[in-house]
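Biologist: I would like to learn how to read a model of this kind feature by feature, with the general idea stated before each case. Could we begin with a helix?

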Amino acid sequence: MNSGDTAWVLISSALVMLMTPGLAFFYGGMVRKKNVLSILMQCFIVLCLLSVQWVLYGYSISFAPGDGFWGGFKWAGLAGVGLEPYADYSATIPHQAFMIFQAMFAIITPALILGAFAERMKFSAFLAFILLWVTFVYGPVCHWVWGMGGWLRKLGALDFAGGTVVHINAGIAALATAIAIGRRKNLDKNVPTPHNMPFVVLGTALLWFGWFGFNAGSALAANGLAVNAFVVTNTAAAAAGLSWAFIEWIKNGKPTVLGAASGAVAGLVAITPAAGFVSVIPAIFIGLLVSLFCFIFVSRVKTKFAYDDSLDAFGVHCVGGVWGALATGLFASKAVNPAGADGLFFGNPQQFLVQIAAVAVTLVYSFAVSMVIYKIVDSVMGVRVGEKEEAMGLDLTQHHERAYTILE
Amino acid sequence: MKLVIAIIQPDKLEEVKDELYRSEINLITVSEVLGHGRQKGVTEFYRGAKETGNLLRKIRLEIAVNDTFLEPAIKAIVTGAKTGETGDGKIFVLDMKECVRIRTEERGSTAIG
(Lines give C-alpha, C1' and ligand atoms only; values in the text may rest on other atoms or scores of the structure.)
Protein backbone atom coordinates (compact mmCIF):
# COMPACT_ATOMS: atom_id res chain seq x y z
CA MET A 1 0.00 0.00 0.00
CA ASN A 2 1.26 3.46 -0.92
CA SER A 3 0.42 6.40 1.31
CA GLY A 4 0.87 8.97 -1.46
CA ASP A 5 -1.56 7.11 -3.73
CA THR A 6 -4.06 6.62 -0.91
CA ALA A 7 -3.91 10.27 0.09
CA TRP A 8 -4.38 11.39 -3.49
CA VAL A 9 -7.36 9.09 -4.10
CA LEU A 10 -9.05 10.22 -0.88
CA ILE A 11 -8.56 13.87 -1.79
CA SER A 12 -9.81 13.17 -5.31
CA SER A 13 -12.90 11.52 -3.86
CA ALA A 14 -13.59 14.66 -1.87
CA LEU A 15 -13.01 16.82 -4.96
CA VAL A 16 -15.49 14.80 -7.00
CA MET A 17 -18.01 14.96 -4.15
CA LEU A 18 -17.79 18.74 -4.33
CA MET A 19 -18.80 18.58 -7.99
CA THR A 20 -22.35 17.57 -7.12
CA PRO A 21 -23.07 20.75 -5.11
CA GLY A 22 -21.10 22.60 -7.79
CA LEU A 23 -23.41 21.18 -10.42
CA ALA A 24 -26.35 22.18 -8.25
CA PHE A 25 -25.30 25.83 -8.46
CA PHE A 26 -24.33 25.58 -12.12
CA TYR A 27 -27.83 24.36 -12.94
CA GLY A 28 -29.55 26.29 -10.17
CA GLY A 29 -28.44 29.65 -11.48
CA MET A 30 -29.81 28.78 -14.90
CA VAL A 31 -33.40 28.12 -13.86
CA ARG A 32 -36.03 30.66 -12.89
CA LYS A 33 -36.08 31.93 -9.33
CA LYS A 34 -39.17 29.89 -8.46
CA ASN A 35 -37.42 26.59 -9.25
CA VAL A 36 -33.92 27.01 -7.83
CA LEU A 37 -34.57 25.00 -4.68
CA SER A 38 -35.91 22.08 -6.68
CA ILE A 39 -32.55 21.87 -8.48
CA LEU A 40 -30.57 22.13 -5.26
CA MET A 41 -32.82 19.58 -3.58
CA GLN A 42 -32.58 17.10 -6.44
CA CYS A 43 -28.77 17.30 -6.41
CA PHE A 44 -28.55 17.12 -2.66
CA ILE A 45 -30.91 14.20 -2.36
CA VAL A 46 -29.02 12.32 -5.07
CA LEU A 47 -25.90 12.76 -2.96
CA CYS A 48 -27.71 11.19 -0.03
CA LEU A 49 -29.59 8.50 -1.92
CA LEU A 50 -26.68 7.30 -4.04
CA SER A 51 -24.22 7.31 -1.15
CA VAL A 52 -26.37 4.76 0.60
CA GLN A 53 -27.32 2.81 -2.54
CA TRP A 54 -23.67 2.49 -3.51
CA VAL A 55 -22.59 0.75 -0.33
CA LEU A 56 -25.75 -1.35 -0.15
CA TYR A 57 -25.51 -2.83 -3.67
CA GLY A 58 -24.41 -0.23 -6.25
CA TYR A 59 -20.71 -0.89 -5.92
CA SER A 60 -21.33 -4.59 -6.18
CA ILE A 61 -23.35 -4.56 -9.38
CA SER A 62 -20.76 -2.34 -11.09
CA PHE A 63 -17.49 -3.71 -9.82
CA ALA A 64 -17.89 -7.17 -8.39
CA PRO A 65 -16.35 -9.68 -10.82
CA GLY A 66 -19.58 -11.19 -12.16
CA ASP A 67 -20.07 -11.82 -15.85
CA GLY A 68 -19.52 -9.49 -18.78
CA PHE A 69 -22.75 -7.58 -18.22
CA TRP A 70 -23.51 -7.52 -14.48
CA GLY A 71 -21.33 -7.57 -11.40
CA GLY A 72 -23.78 -9.39 -9.18
CA PHE A 73 -24.47 -9.00 -5.47
CA LYS A 74 -21.36 -10.69 -4.08
CA TRP A 75 -20.17 -7.41 -2.59
CA ALA A 76 -23.53 -6.13 -1.35
CA GLY A 77 -23.19 -4.25 1.91
CA LEU A 78 -19.47 -4.05 1.05
CA ALA A 79 -19.04 -7.68 2.08
CA GLY A 80 -15.49 -8.62 1.15
CA VAL A 81 -14.62 -5.01 0.41
CA GLY A 82 -12.05 -4.24 3.05
CA LEU A 83 -9.12 -1.99 3.72
CA GLU A 84 -6.51 -4.13 1.98
CA PRO A 85 -5.92 -3.35 -1.71
CA TYR A 86 -7.84 -5.26 -4.36
CA ALA A 87 -5.16 -5.67 -6.95
CA ASP A 88 -7.40 -5.96 -10.03
CA TYR A 89 -8.56 -2.38 -9.51
CA SER A 90 -5.70 -0.76 -7.68
CA ALA A 91 -2.81 -2.50 -6.00
CA THR A 92 -1.59 0.42 -3.92
CA ILE A 93 -4.70 1.79 -2.16
CA PRO A 94 -7.24 0.24 0.22
CA HIS A 95 -10.14 -1.37 -1.64
CA GLN A 96 -12.59 0.94 0.12
CA ALA A 97 -10.68 3.96 -1.15
CA PHE A 98 -11.35 2.79 -4.71
CA MET A 99 -14.96 2.14 -3.74
CA ILE A 100 -15.57 5.57 -2.27
CA PHE A 101 -13.87 7.24 -5.22
CA GLN A 102 -16.21 5.39 -7.54
CA ALA A 103 -19.16 6.31 -5.33
CA MET A 104 -18.70 9.97 -6.17
CA PHE A 105 -18.95 9.17 -9.89
CA ALA A 106 -22.12 7.19 -9.33
CA ILE A 107 -23.52 10.15 -7.43
CA ILE A 108 -22.86 12.86 -9.99
CA THR A 109 -23.93 10.89 -13.06
CA PRO A 110 -27.66 10.84 -12.29
CA ALA A 111 -27.43 14.44 -11.09
CA LEU A 112 -26.33 15.45 -14.60
CA ILE A 113 -29.59 14.20 -16.09
CA LEU A 114 -31.78 16.58 -14.15
CA GLY A 115 -30.81 19.42 -16.42
CA ALA A 116 -33.04 17.91 -19.07
CA PHE A 117 -36.29 17.90 -17.14
CA ALA A 118 -35.71 20.92 -14.93
CA GLU A 119 -38.70 22.95 -13.81
CA ARG A 120 -41.36 20.31 -14.45
CA MET A 121 -40.69 16.97 -12.76
CA LYS A 122 -42.41 15.71 -9.62
CA PHE A 123 -39.99 15.09 -6.78
CA SER A 124 -41.47 11.67 -5.98
CA ALA A 125 -41.16 10.56 -9.60
CA PHE A 126 -37.62 11.94 -9.65
CA LEU A 127 -36.58 9.71 -6.74
CA ALA A 128 -38.14 6.63 -8.31
CA PHE A 129 -36.63 7.35 -11.72
CA ILE A 130 -33.15 7.97 -10.34
CA LEU A 131 -33.11 4.84 -8.21
CA LEU A 132 -34.21 2.64 -11.12
CA TRP A 133 -31.82 4.42 -13.47
CA VAL A 134 -28.69 3.88 -11.41
CA THR A 135 -29.64 0.24 -10.86
CA PHE A 136 -30.43 -0.65 -14.46
CA VAL A 137 -28.44 1.85 -16.54
CA TYR A 138 -25.48 3.29 -14.65
CA GLY A 139 -24.71 0.02 -12.84
CA PRO A 140 -24.45 -2.13 -15.96
CA VAL A 141 -22.74 0.42 -18.23
CA CYS A 142 -20.18 1.12 -15.51
CA HIS A 143 -19.56 -2.60 -15.24
CA TRP A 144 -19.13 -3.03 -18.99
CA VAL A 145 -16.48 -0.32 -19.22
CA TRP A 146 -14.68 -0.45 -15.87
CA GLY A 147 -15.69 -3.64 -14.07
CA MET A 148 -13.55 -6.77 -14.01
CA GLY A 149 -14.74 -8.89 -16.92
CA GLY A 150 -16.79 -6.07 -18.34
CA TRP A 151 -17.31 -6.76 -22.03
CA LEU A 152 -16.45 -3.25 -23.30
CA ARG A 153 -13.35 -3.27 -21.12
CA LYS A 154 -12.36 -6.60 -22.71
CA LEU A 155 -13.02 -5.12 -26.15
CA GLY A 156 -10.39 -2.50 -25.39
CA ALA A 157 -12.58 0.57 -25.14
CA LEU A 158 -10.65 3.47 -23.61
CA ASP A 159 -12.46 5.62 -21.07
CA PHE A 160 -10.08 7.08 -18.54
CA ALA A 161 -12.45 8.89 -16.20
CA GLY A 162 -15.97 8.39 -17.49
CA GLY A 163 -16.66 9.99 -20.86
CA THR A 164 -18.89 7.06 -21.73
CA VAL A 165 -19.88 5.80 -18.29
CA VAL A 166 -20.83 9.24 -17.01
CA HIS A 167 -21.34 11.81 -19.72
CA ILE A 168 -22.64 9.96 -22.76
CA ASN A 169 -24.70 7.77 -20.46
CA ALA A 170 -26.32 10.64 -18.57
CA GLY A 171 -26.47 12.85 -21.63
CA ILE A 172 -28.48 10.48 -23.79
CA ALA A 173 -30.73 9.62 -20.83
CA ALA A 174 -31.30 13.36 -20.61
CA LEU A 175 -32.46 13.45 -24.21
CA ALA A 176 -34.82 10.53 -23.60
CA THR A 177 -36.40 12.16 -20.57
CA ALA A 178 -36.60 15.57 -22.22
CA ILE A 179 -38.52 14.05 -25.12
CA ALA A 180 -40.74 11.97 -22.83
CA ILE A 181 -41.62 14.73 -20.39
CA GLY A 182 -42.33 17.32 -23.06
CA ARG A 183 -41.61 21.01 -23.47
CA ARG A 184 -42.21 23.49 -20.69
CA LYS A 185 -45.36 25.57 -21.07
CA ASN A 186 -45.29 28.83 -22.96
CA LEU A 187 -41.70 28.45 -24.00
CA ASP A 188 -41.98 30.69 -27.06
CA LYS A 189 -43.71 33.56 -25.30
CA ASN A 190 -41.70 33.28 -22.12
CA VAL A 191 -38.03 32.62 -22.86
CA PRO A 192 -36.80 31.41 -19.48
CA THR A 193 -33.68 33.25 -18.50
CA PRO A 194 -31.09 32.31 -15.86
CA HIS A 195 -32.08 33.95 -12.61
CA ASN A 196 -28.61 34.06 -11.11
CA MET A 197 -25.65 34.07 -13.47
CA PRO A 198 -23.14 34.50 -10.62
CA PHE A 199 -24.30 31.11 -9.28
CA VAL A 200 -23.67 29.59 -12.71
CA VAL A 201 -20.10 30.88 -12.70
CA LEU A 202 -19.53 29.80 -9.11
CA GLY A 203 -20.85 26.36 -9.99
CA THR A 204 -18.56 26.19 -13.02
CA ALA A 205 -15.57 27.06 -10.86
CA LEU A 206 -16.41 24.31 -8.36
CA LEU A 207 -16.89 21.84 -11.21
CA TRP A 208 -13.53 22.75 -12.79
CA PHE A 209 -11.81 22.44 -9.42
CA GLY A 210 -13.49 19.13 -8.62
CA TRP A 211 -12.76 17.79 -12.09
CA PHE A 212 -9.08 17.62 -11.21
CA GLY A 213 -10.12 14.88 -8.81
CA PHE A 214 -12.44 13.35 -11.40
CA ASN A 215 -9.73 13.03 -14.08
CA ALA A 216 -6.39 13.09 -12.31
CA GLY A 217 -7.76 10.95 -9.48
CA SER A 218 -8.67 8.28 -12.03
CA ALA A 219 -4.99 7.47 -12.29
CA LEU A 220 -5.58 5.92 -8.85
CA ALA A 221 -2.02 6.86 -7.99
CA ALA A 222 0.03 9.95 -7.23
CA ASN A 223 2.20 9.55 -10.30
CA GLY A 224 3.10 10.93 -13.70
CA LEU A 225 -0.14 9.74 -15.29
CA ALA A 226 -2.14 11.72 -12.74
CA VAL A 227 -0.08 14.78 -13.61
CA ASN A 228 -0.75 14.26 -17.30
CA ALA A 229 -4.46 14.02 -16.61
CA PHE A 230 -4.35 17.15 -14.46
CA VAL A 231 -2.52 19.17 -17.11
CA VAL A 232 -4.66 18.13 -20.08
CA THR A 233 -7.84 18.63 -18.05
CA ASN A 234 -6.97 22.23 -17.28
CA THR A 235 -5.80 22.91 -20.81
CA ALA A 236 -8.83 21.43 -22.54
CA ALA A 237 -11.24 23.31 -20.28
CA ALA A 238 -9.42 26.55 -20.94
CA ALA A 239 -9.30 26.05 -24.71
CA ALA A 240 -12.99 25.21 -24.79
CA GLY A 241 -13.94 28.24 -22.70
CA LEU A 242 -12.08 30.50 -25.10
CA SER A 243 -13.57 28.73 -28.07
CA TRP A 244 -17.20 29.08 -26.99
CA ALA A 245 -16.69 32.73 -26.11
CA PHE A 246 -15.23 33.44 -29.53
CA ILE A 247 -17.93 31.51 -31.35
CA GLU A 248 -20.52 33.67 -29.61
CA TRP A 249 -18.59 36.83 -30.30
CA ILE A 250 -18.62 36.04 -33.99
CA LYS A 251 -22.14 34.66 -34.18
CA ASN A 252 -24.11 36.80 -31.71
CA GLY A 253 -22.00 39.91 -31.54
CA LYS A 254 -20.84 39.60 -27.92
CA PRO A 255 -19.24 36.85 -25.78
CA THR A 256 -21.36 35.94 -22.78
CA VAL A 257 -20.41 34.61 -19.38
CA LEU A 258 -22.87 31.76 -19.82
CA GLY A 259 -21.09 30.87 -23.04
CA ALA A 260 -17.60 30.92 -21.55
CA ALA A 261 -18.76 28.86 -18.58
CA SER A 262 -20.59 26.38 -20.81
CA GLY A 263 -17.53 26.08 -22.98
CA ALA A 264 -15.31 25.29 -20.02
CA VAL A 265 -17.70 22.59 -18.86
CA ALA A 266 -17.90 21.12 -22.36
CA GLY A 267 -14.12 21.02 -22.48
CA LEU A 268 -13.99 19.23 -19.16
CA VAL A 269 -16.53 16.71 -20.43
CA ALA A 270 -14.63 16.05 -23.63
CA ILE A 271 -11.24 15.56 -21.98
CA THR A 272 -12.69 13.14 -19.41
CA PRO A 273 -12.28 9.91 -21.41
CA ALA A 274 -8.99 11.12 -22.89
CA ALA A 275 -7.22 12.55 -19.84
CA GLY A 276 -4.98 9.56 -19.21
CA PHE A 277 -4.23 8.81 -22.86
CA VAL A 278 -3.56 12.06 -24.71
CA SER A 279 -0.97 14.78 -24.37
CA VAL A 280 -1.39 18.52 -24.14
CA ILE A 281 -1.52 19.58 -27.79
CA PRO A 282 -4.33 17.16 -28.67
CA ALA A 283 -6.05 18.40 -25.50
CA ILE A 284 -6.13 21.89 -26.98
CA PHE A 285 -7.72 20.58 -30.19
CA ILE A 286 -10.23 18.59 -28.20
CA GLY A 287 -11.17 21.69 -26.23
CA LEU A 288 -11.32 24.05 -29.20
CA LEU A 289 -13.59 21.74 -31.19
CA VAL A 290 -15.97 20.56 -28.46
CA SER A 291 -17.39 24.06 -28.08
CA LEU A 292 -18.18 24.16 -31.77
CA PHE A 293 -20.03 20.83 -31.70
CA CYS A 294 -21.91 21.61 -28.51
CA PHE A 295 -22.80 25.10 -29.67
CA ILE A 296 -24.35 23.70 -32.83
CA PHE A 297 -26.39 21.18 -30.88
CA VAL A 298 -27.46 23.64 -28.23
CA SER A 299 -28.52 26.43 -30.57
CA ARG A 300 -29.34 24.86 -33.94
CA VAL A 301 -30.27 21.23 -33.43
CA LYS A 302 -32.29 21.84 -30.27
CA THR A 303 -34.33 24.58 -31.95
CA LYS A 304 -34.82 22.57 -35.10
CA PHE A 305 -36.05 19.42 -33.38
CA ALA A 306 -37.82 21.34 -30.62
CA TYR A 307 -36.95 19.08 -27.68
CA ASP A 308 -36.77 21.00 -24.42
CA ASP A 309 -33.48 19.90 -22.93
CA SER A 310 -33.80 22.76 -20.50
CA LEU A 311 -30.23 23.08 -19.26
CA ASP A 312 -28.51 21.35 -22.18
CA ALA A 313 -27.59 18.17 -20.39
CA PHE A 314 -27.73 16.36 -23.75
CA GLY A 315 -26.20 19.19 -25.75
CA VAL A 316 -23.15 19.51 -23.50
CA HIS A 317 -22.65 16.16 -21.80
CA CYS A 318 -23.70 13.72 -24.49
CA VAL A 319 -22.31 15.63 -27.46
CA GLY A 320 -19.15 16.57 -25.56
CA GLY A 321 -18.76 13.02 -24.30
CA VAL A 322 -19.16 11.51 -27.77
CA TRP A 323 -16.55 13.87 -29.21
CA GLY A 324 -14.25 13.09 -26.28
CA ALA A 325 -14.63 9.33 -26.71
CA LEU A 326 -13.97 9.54 -30.45
CA ALA A 327 -11.10 11.95 -29.95
CA THR A 328 -9.57 9.44 -27.57
CA GLY A 329 -9.67 6.97 -30.46
CA LEU A 330 -7.81 9.53 -32.56
CA PHE A 331 -5.21 10.97 -30.21
CA ALA A 332 -4.46 8.22 -27.67
CA SER A 333 -0.77 7.43 -27.38
CA LYS A 334 1.08 4.71 -25.56
CA ALA A 335 3.82 7.24 -24.97
CA VAL A 336 1.45 8.91 -22.51
CA ASN A 337 0.08 5.71 -21.00
CA PRO A 338 1.69 2.36 -21.85
CA ALA A 339 -1.30 0.58 -20.33
CA GLY A 340 -3.61 2.27 -22.82
CA ALA A 341 -3.41 2.07 -26.60
CA ASP A 342 -2.47 4.09 -29.65
CA GLY A 343 -5.17 5.93 -31.53
CA LEU A 344 -5.78 6.50 -35.22
CA PHE A 345 -3.26 9.33 -35.50
CA PHE A 346 -0.63 7.10 -33.94
CA GLY A 347 -1.06 4.31 -36.44
CA ASN A 348 -3.89 2.29 -34.91
CA PRO A 349 -7.24 2.93 -36.63
CA GLN A 350 -8.70 -0.12 -34.88
CA GLN A 351 -8.98 1.87 -31.62
CA PHE A 352 -11.19 4.44 -33.28
CA LEU A 353 -13.59 1.71 -34.32
CA VAL A 354 -13.65 0.28 -30.80
CA GLN A 355 -14.51 3.72 -29.45
CA ILE A 356 -17.36 4.06 -31.96
CA ALA A 357 -18.69 0.68 -30.85
CA ALA A 358 -18.60 1.62 -27.17
CA VAL A 359 -20.28 4.96 -27.87
CA ALA A 360 -22.98 3.40 -30.03
CA VAL A 361 -23.80 0.66 -27.55
CA THR A 362 -24.06 3.14 -24.68
CA LEU A 363 -26.23 5.53 -26.67
CA VAL A 364 -28.68 2.84 -27.68
CA TYR A 365 -28.82 1.04 -24.35
CA SER A 366 -29.09 4.12 -22.17
CA PHE A 367 -31.66 5.82 -24.38
CA ALA A 368 -33.84 2.71 -24.57
CA VAL A 369 -33.73 1.69 -20.93
CA SER A 370 -34.08 5.28 -19.68
CA MET A 371 -37.18 5.64 -21.81
CA VAL A 372 -38.62 2.37 -20.47
CA ILE A 373 -37.93 3.38 -16.88
CA TYR A 374 -39.54 6.77 -17.51
CA LYS A 375 -42.68 5.16 -18.91
CA ILE A 376 -42.91 2.76 -15.98
CA VAL A 377 -42.60 5.54 -13.41
CA ASP A 378 -45.05 7.67 -15.37
CA SER A 379 -47.68 4.93 -15.37
CA VAL A 380 -47.27 4.26 -11.66
CA MET A 381 -47.18 7.79 -10.29
CA GLY A 382 -47.11 10.34 -13.10
CA VAL A 383 -43.87 12.16 -13.78
CA ARG A 384 -44.78 15.68 -14.83
CA VAL A 385 -46.34 18.26 -12.54
CA GLY A 386 -49.65 19.83 -13.45
CA GLU A 387 -49.90 23.11 -15.35
CA LYS A 388 -50.76 25.19 -12.29
CA GLU A 389 -47.88 23.74 -10.32
CA GLU A 390 -45.48 24.38 -13.15
CA ALA A 391 -46.59 28.00 -13.23
CA MET A 392 -46.30 28.43 -9.46
CA GLY A 393 -42.91 26.84 -9.43
CA LEU A 394 -41.53 23.61 -8.00
CA ASP A 395 -40.04 25.16 -4.87
CA LEU A 396 -43.44 26.05 -3.46
CA THR A 397 -45.38 23.10 -4.85
CA GLN A 398 -42.88 20.27 -4.33
CA HIS A 399 -41.07 21.51 -1.27
CA HIS A 400 -43.28 24.18 0.34
CA GLU A 401 -40.25 26.40 0.43
CA ARG A 402 -39.21 29.75 -0.97
CA ALA A 403 -35.61 30.36 -1.94
CA TYR A 404 -35.51 34.11 -1.60
CA THR A 405 -37.61 36.02 0.90
CA ILE A 406 -39.38 38.97 -0.55
CA LEU A 407 -39.72 41.17 2.50
CA GLU A 408 -37.49 40.11 5.42
CA MET B 1 -53.84 67.10 -2.50
CA LYS B 2 -52.02 65.36 -5.30
CA LEU B 3 -50.06 62.13 -5.72
CA VAL B 4 -47.06 62.55 -8.01
CA ILE B 5 -45.72 59.37 -9.62
CA ALA B 6 -42.46 59.76 -11.50
CA ILE B 7 -40.61 57.15 -13.56
CA ILE B 8 -36.95 58.12 -13.98
CA GLN B 9 -33.59 56.65 -14.96
CA PRO B 10 -31.99 54.82 -12.02
CA ASP B 11 -28.79 56.84 -12.13
CA LYS B 12 -30.74 60.11 -11.77
CA LEU B 13 -32.24 59.24 -8.40
CA GLU B 14 -29.67 61.06 -6.26
CA GLU B 15 -29.95 64.29 -8.25
CA VAL B 16 -33.75 64.19 -8.15
CA LYS B 17 -33.71 63.64 -4.39
CA ASP B 18 -31.33 66.58 -3.92
CA GLU B 19 -33.59 68.86 -5.99
CA LEU B 20 -36.67 67.75 -4.04
CA TYR B 21 -34.95 68.39 -0.68
CA ARG B 22 -33.97 71.84 -1.99
CA SER B 23 -37.67 72.54 -2.66
CA GLU B 24 -38.54 71.48 0.90
CA ILE B 25 -40.11 68.21 -0.26
CA ASN B 26 -38.72 65.54 2.06
CA LEU B 27 -41.28 62.71 2.05
CA ILE B 28 -40.77 60.19 -0.71
CA THR B 29 -41.25 56.47 -1.59
CA VAL B 30 -38.86 54.80 -4.02
CA SER B 31 -39.22 51.46 -5.80
CA GLU B 32 -37.40 49.60 -8.58
CA VAL B 33 -39.49 48.80 -11.61
CA LEU B 34 -39.08 47.60 -15.19
CA GLY B 35 -40.42 49.47 -18.14
CA HIS B 36 -39.89 51.25 -21.40
CA GLY B 37 -41.41 54.01 -23.43
CA ARG B 38 -40.09 54.68 -26.88
CA GLN B 39 -36.57 53.79 -25.70
CA LYS B 40 -35.28 50.62 -27.37
CA GLY B 41 -34.20 47.74 -25.12
CA VAL B 42 -31.17 45.48 -25.34
CA THR B 43 -31.35 41.96 -26.82
CA GLU B 44 -30.08 39.34 -24.40
CA PHE B 45 -28.63 35.97 -25.44
CA TYR B 46 -28.75 32.80 -23.33
CA ARG B 47 -26.92 30.03 -25.19
CA GLY B 48 -29.13 29.58 -28.23
CA ALA B 49 -32.11 31.60 -27.08
CA LYS B 50 -32.66 35.26 -27.87
CA GLU B 51 -34.56 37.22 -25.26
CA THR B 52 -36.05 40.44 -26.60
CA GLY B 53 -38.19 41.48 -23.61
CA ASN B 54 -37.00 45.06 -23.91
CA LEU B 55 -37.85 45.99 -20.33
CA LEU B 56 -35.26 48.21 -18.73
CA ARG B 57 -34.59 49.07 -15.10
CA LYS B 58 -36.31 52.25 -13.94
CA ILE B 59 -36.89 53.94 -10.59
CA ARG B 60 -40.40 54.89 -9.52
CA LEU B 61 -40.99 57.76 -7.08
CA GLU B 62 -44.22 58.38 -5.26
CA ILE B 63 -44.64 61.76 -3.57
CA ALA B 64 -47.79 63.11 -1.93
CA VAL B 65 -47.99 66.95 -2.07
CA ASN B 66 -50.30 69.72 -1.12
CA ASP B 67 -51.47 71.68 -4.19
CA THR B 68 -49.02 74.54 -3.56
CA PHE B 69 -46.10 72.13 -3.71
CA LEU B 70 -47.18 70.47 -6.98
CA GLU B 71 -45.31 72.73 -9.41
CA PRO B 72 -42.13 72.85 -7.24
CA ALA B 73 -42.17 69.04 -7.11
CA ILE B 74 -42.53 68.73 -10.88
CA LYS B 75 -39.78 71.30 -11.45
CA ALA B 76 -37.45 69.55 -9.01
CA ILE B 77 -37.95 66.16 -10.65
CA VAL B 78 -37.46 67.54 -14.15
CA THR B 79 -34.33 69.44 -13.15
CA GLY B 80 -32.83 66.37 -11.53
CA ALA B 81 -33.83 63.79 -14.15
CA LYS B 82 -33.73 65.53 -17.53
CA THR B 83 -30.91 64.74 -19.96
CA GLY B 84 -32.64 65.59 -23.22
CA GLU B 85 -32.33 61.97 -24.47
CA THR B 86 -35.12 59.41 -25.00
CA GLY B 87 -35.66 57.45 -21.80
CA ASP B 88 -35.71 60.43 -19.41
CA GLY B 89 -39.08 59.21 -18.07
CA LYS B 90 -42.51 60.55 -17.22
CA ILE B 91 -44.41 62.23 -14.39
CA PHE B 92 -48.05 61.35 -13.64
CA VAL B 93 -50.20 63.58 -11.42
CA LEU B 94 -53.21 62.04 -9.69
CA ASP B 95 -55.89 63.70 -7.60
CA MET B 96 -55.58 62.31 -4.08
CA LYS B 97 -58.76 61.82 -2.05
CA GLU B 98 -57.30 61.37 1.40
CA CYS B 99 -54.02 61.22 3.27
CA VAL B 100 -53.52 59.82 6.82
CA ARG B 101 -50.46 60.00 9.11
CA ILE B 102 -50.59 56.66 10.87
CA ARG B 103 -48.70 57.71 14.01
CA THR B 104 -51.01 60.60 14.92
CA GLU B 105 -54.05 59.72 12.80
CA GLU B 106 -54.06 63.25 11.36
CA ARG B 107 -55.78 63.61 8.02
CA GLY B 108 -55.66 65.88 5.01
CA SER B 109 -53.13 68.59 4.27
CA THR B 110 -51.46 68.44 7.68
CA ALA B 111 -50.86 64.72 7.20
CA ILE B 112 -49.02 65.28 3.91
CA GLY B 113 -46.23 67.53 5.23
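This is a predicted model: local features need pLDDT of at least 70, side-chain atom pairs count only at pLDDT 80 or more; totals for chains, interfaces and linings use all residues.

Biologist: Which elements do the buried residues of helix 12 of chain A pack against?

Modeller: The buried residues of this helix include Q351(A), A358(A), F367(A), I373(A) and V377(A), and the buried set packs against helix 4 (123-146), helix 5 (151-155), helix 6 (163-181) and helix 11 (313-331) of chain A.

Biologist: How should I read a nonpolar core, and which residues touch the most other members of the largest one?

Modeller: In soluble globular proteins, nonpolar side chains tend to be buried together. Here the largest nonpolar core has 142 residues, of which L23(A), Y27(A), A174(A) and L175(A) touch the most other members, while helix 3 of chain A (residues 95-113) gives the most to this core, with 14 residues. Leaving aside its neighbours within four places in sequence, Y27(A) is in contact with I39(A), L114(A), G115(A), A118(A) and L311(A). A second, separate core of 16 residues includes I8(B), I63(B), F69(B) and A76(B).

Biologist: How do the strands of chain B pair with strand 5 of chain B?

Modeller: Strand 1 (residues 2-8) of chain B pairs with strand 5 of chain B in the antiparallel sense over 7 bridges, with L3(B) having A64(B) as its bridge partner. Strand 2 (residues 29-35) of chain B also runs antiparallel to strand 5 of chain B, joined to it by 7 bridges, and there S31(B) stands opposite R60(B).

Biologist: Finally, how many residues of chain A are in contact with chain B?

Modeller: The size of an interface is often given as the accessible area lost when the parts come together. Counted by residues instead, 12 of chain A are in contact with 7 of chain B; the largest share of the side of chain A that touches chain B, 4 residues, comes from helix 10 of chain A, and by class that side has 4 nonpolar, 6 polar and 2 charged residues.

How values were computed
Residues are numbered from 1 along each chain as its sequence is written. Chains are lettered from A and ligands numbered from 1 in the order in which they are written. A residue is buried if 20 or more other C-beta atoms lie within 10 Å of its own, exposed if 12 or fewer, and partly exposed in between; C-beta atoms are placed from the backbone. Helices (H or I, at least four residues) and strands (E, at least two) are DSSP runs, numbered from the N terminus. Two residues are in contact if their C-beta atoms, placed from the backbone, lie within 7 Å. Ala, Val, Leu, Ile, Met, Phe, Trp, Tyr, Cys and Pro count as nonpolar, Asp, Glu, Lys and Arg as charged, and the others, Gly among them, as polar. A nonpolar core is a set of buried Ala, Val, Leu, Ile, Met, Phe, Trp, Tyr and Cys residues joined through C-beta atoms within 7 Å. Two strands pair if DSSP finds at least two bridges between them.
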